[in-house]
Amino acid sequence: MEKMALRPIDNALPITPERLKKHVKVVSAPIQKQSEFGVNDENKAPLPPSSTIDYVSSEDLKPVPDPVSMIQGLIEGLDSKDWTEVCESLNNARRFALYHSSLLFPLLEKVMLVVVKAMKNPRSALCKTAIMASSDIFNAFGDQLLDSTDAFDNLLLQLLLKASQDKKFVCEEADRALNVIVKSMTPLPLLNKLKPYVSHANPRVRAKAAIYMSNFVSKMGLEGMSEFGLISLVQMAAELMNDRLPEAREAARSTVISIYEAYTGSEEHKQPEEWHNFCHSSLPPIFAQSVVKITASFQ
């Protein structure tokens, strides 16, 4: 019987450019569904690759034409599976915060939860839009947000995380939002909110928390520091002076100097040895020596 010659395996299925293009199309389709907000409805035409999100500054946002009617659909838009619609709804939430805050206030808890969820999304455009929304919410409601305990705590943590990441434009936006917090809220209650993150497991979060703690402390007098807990404050700063990251160590030194200036600037603590005694009575010897050394040049 005549034997049939076998074709080499590598020639069995020749890969042509046409086959390669078809293969790429099949593989790339599911990628659009990786993000929850990025899932497109089957009945809608897919978004063109060039579609972009415009980042609108607060100054360029306009009032809502019919706010009472439009507020009813805000949450529905924020819950959309289409991430571009979520971005649009976040911008509408910003408009309500800036111009119709009384209408937004009853929905504030839900809006903040969506903002946190959007910040966690891998789409940078959605994340940045959510951060911009948080800034306008902070400006509009200030200390009122402290009543929304869980929502605000989660929002603060996400901002610290985003301000610590490598994507520069997201990091810079998160820093701007954190600075808005510093300007729009009372230092003492916010310092209590920030306190747990000064000892966070993530060193970059810890460093960011230390920087903003230093900013808050610099705005407080001795009375405010004492209300927070002067010993607790100097202990936090002393521990951060040995942190891994230089940003945390520098922030700790700034905090120590602010405490020193407030402490020695009061009538009852004019003598230099009083600061020395306070440090040694409040801190372990090695920490006390470091703190006294930092402030020695100010005496």
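A salt bridge is a side-chain nitrogen of Lys or Arg within 4 Å of a carboxyl oxygen of Asp or Glu. In this predicted model, Arg-206 and Asp-243 form such a bridge, with their closest N and O atoms 2.6 Å apart. Arg-206 belongs to helix 11, while Asp-243 sits in the loop between helix 13 (230-240) and helix 14 (246-264). The bridge therefore ties together parts of the chain that are 37 residues apart in sequence. Both partners, Arg-206 and Asp-243, are buried.

The overall fold is considered next. The protein chain contains 16 helices and 0 strands. It has 299 residues, and 45% of them count as buried. Contacts between residues at least 6 apart in sequence were also examined. Of these, 71% join residues at least 24 apart. The chain exposes about 16,800 Å². Carbon and sulfur atoms supply 54% of that area.

An α-helix has 3.6 residues a turn, so residues three or four places apart point the same way.

Charged side chains come next. The structure holds 9 salt bridges. One of them joins Arg-94 to Asp-136, with the closest N and O atoms 2.6 Å apart. Arg-94 lies in helix 4 (residues 83-99) and Asp-136 in helix 7, so this bridge ties together parts that are 42 residues apart in sequence. Arg-94 has a relative accessible area of 1% and is buried. Asp-136 is at 2% relative accessibility and also counts as buried.

Another bridge brings together the side chains of Asp-175 and Lys-208, at 3.0 Å from N to O. Asp-175 is in helix 9 (residues 168-184), and Lys-208 is in helix 11 (residues 203-218). The pair therefore ties together parts that are 33 residues apart in sequence. Buried means under 20% relative accessible area. Asp-175, at 18%, therefore counts as buried. Lys-208, with a relative accessible area of 17%, is buried as well.

Lys-128, Glu-173 and Arg-176 are linked in a network of salt bridges. Lys-128 also meets an aromatic ring. Its charged end sits over the ring of Tyr-55, 4.4 Å from the ring centre.

Aromatic side chains also pair with one another. The count comes to 6 aromatic pairs. A pair of aromatic rings is described by the distance of the centres and the angle of the planes. Phe-105 and Phe-141 form a tilted pair, 5.9 Å centre to centre with 35° between the planes. This pair links distant parts of the chain, 36 residues apart. Phe-105 is in the loop between helix 5 (101-104) and helix 6 (108-119), whereas Phe-141 is in helix 7 (residues 124-141). Phe-105 is partly exposed, with a relative accessible area of 40%. Phe-141, at 5% relative accessibility, counts as buried.

Phe-138 and Phe-152 form a further pair. Their ring centres are 6.2 Å apart and their planes stand at 80°, so the pair is edge-to-face. Here, too, distant parts of the chain are linked: Phe-138 in helix 7 and Phe-152 in helix 8 (residues 149-162), 14 residues apart. Phe-138 and Phe-152 are both buried. Elsewhere, ring pairs link Tyr-260, Tyr-263, Trp-275 and Phe-278 into a cluster.

Cysteines complete the survey. A disulfide is a covalent bond between the sulfur atoms of two cysteines. The count here is 0 disulfides. Cys-87 counts as buried, at 1% relative accessibility. Cys-279 is buried too, with a relative accessible area of 0%.

How values were computed. Residues are numbered from 1 along each chain as its sequence is written. This is a predicted model: local features need pLDDT of at least 70, side-chain atom pairs count only at pLDDT 80 or more; totals for chains, interfaces and linings use all residues. Side-chain values use heavy atoms; hydrogens and water are left out. A disulfide is a pair of cysteine sulfur atoms within 2.5 Å. Buried means under 20% relative accessible area, exposed over 50%, partly exposed in between (1.4 Å probe, protein chains only). Rings of Phe, Tyr and Trp (its six-membered ring) pair if their centres lie within 6.5 Å; planes under 30 degrees apart count as stacked, over 60 as edge-to-face and the rest as tilted. Helices (H or I, at least four residues) and strands (E, at least two) are DSSP runs, numbered from the N terminus. A charge sits over a ring if NZ of Lys or CZ of Arg is within 6 Å of the ring centre and within 35 degrees of the ring normal. Contact means heavy atoms within 4.5 Å. Accessible areas come from the Shrake-Rupley method with a 1.4 Å probe; for residues, only the protein chains shown count as cover.
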